Amino acid sequence: MGFDNPTPQTEDLYIKSINTTVDRYRAFLEEVRADTLVLPNCDLDSGQATKAAEYSLTDDSYAKLLAQLSQRKFDRTSPELRDNILQFYSDLSVPIETKRDQVRWQSVLTSLDQLKSVAPAPTVAGSPAQ
């Protein structure tokens, strides 16, 4: 079964998939309009919780985020973001991509220690962290 000559069943599955995507997108837009949208923090490919060493770009993104927050001394880091970062780095024995660069990995470890020692900024309704 190739993509050049799809079977009617394959076409039906494809159309259902597109319809499901459009329906979900519309529902998300309604939630945005109602200011009730809550997206799960998960890997969109697998549907599983995001975790270190699962995907190199995620490892890189967390390292960059941690560096940016550290530069600001974690001054606007919400309790939820702090908890998320600490959860992401909760198992340092896994092969996190950032470990390949020793200088960068040491920076991650230093920033994590700093993050653990600071009190998270209180979340104020209507004012997102920047």
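These are my notebook entries on what I looked up in the structure above.

**Entry 1: ground rules**

I am working with a predicted model, in which local features need pLDDT of at least 70 and side-chain atom pairs count only at pLDDT 80 or more, while totals for chains, interfaces and linings use all residues. Residues are numbered from 1 along each chain as its sequence is written, and side-chain values use heavy atoms, with hydrogens and water left out.

**Entry 2: the overall build**

I looked up the elements and found 4 helices and 0 strands in the protein, where helices (H or I, at least four residues) and strands (E, at least two) are DSSP runs numbered from the N terminus. Read from the N terminus on, the order is α-α-α-α. I then looked up burial and noted that 19% of the 130 residues of the protein count as buried. Here buried means under 20% relative accessible area, exposed means over 50%, and partly exposed lies in between, with a 1.4 Å probe and protein chains only.

**Entry 3: along helix H1**

Helix H1 covers residues 8-33, and isoleucine 18 is found in it.

From alanine 27 to leucine 37 I count 10 residues in sequence, and the two are 9.3 Å apart in space, C-alpha to C-alpha.

**Entry 4: salt bridges**

How many salt bridges does the structure hold? I found 5 of them, a salt bridge being a side-chain nitrogen of Lys or Arg within 4 Å of a carboxyl oxygen of Asp or Glu.

Glutamate 30 is partly exposed at 49% relative accessibility, whereas arginine 33 is exposed at 59%.

Aspartate 75 meets arginine 72 in a salt bridge of 3.1 Å, N to O. I noted aspartate 75 as partly exposed at 42% relative accessibility, and arginine 72 as partly exposed at 38%.

Glutamate 97 forms a salt bridge with arginine 100, with 3.3 Å between the closest N and O atoms. Glutamate 97 is partly exposed at 32%, while arginine 100 is exposed at 71%. I also found Asp60, Lys64 and Arg104 linked in a network of salt bridges.

**Entry 5: the largest pocket**

Last, I looked up the largest pocket and found that about 240 Å³ of space lies in it. Its lining includes Thr21, Arg24, Tyr25 and Phe28, as well as Leu39 and Pro40. The lining residues divide into 6 nonpolar, 2 polar and 1 charged.

For the terms, a pocket is an open set of points on a 1 Å grid over the protein atoms alone, with protein on both sides within 12 Å along at least five of seven lines, and lining residues have an atom within 4 Å of a point.

How values were computed:
On a 1 Å grid over the protein atoms alone, a cavity is a set of points where a 1.4 Å probe fits but cannot get out, and a pocket is an open set with protein on both sides within 12 Å along at least five of seven lines; lining residues have an atom within 4 Å of a point. Grid points are joined across faces, edges and corners, and a volume is the space filled by probe spheres set on the points. Ala, Val, Leu, Ile, Met, Phe, Trp, Tyr, Cys and Pro count as nonpolar, Asp, Glu, Lys and Arg as charged, and the others, Gly among them, as polar.
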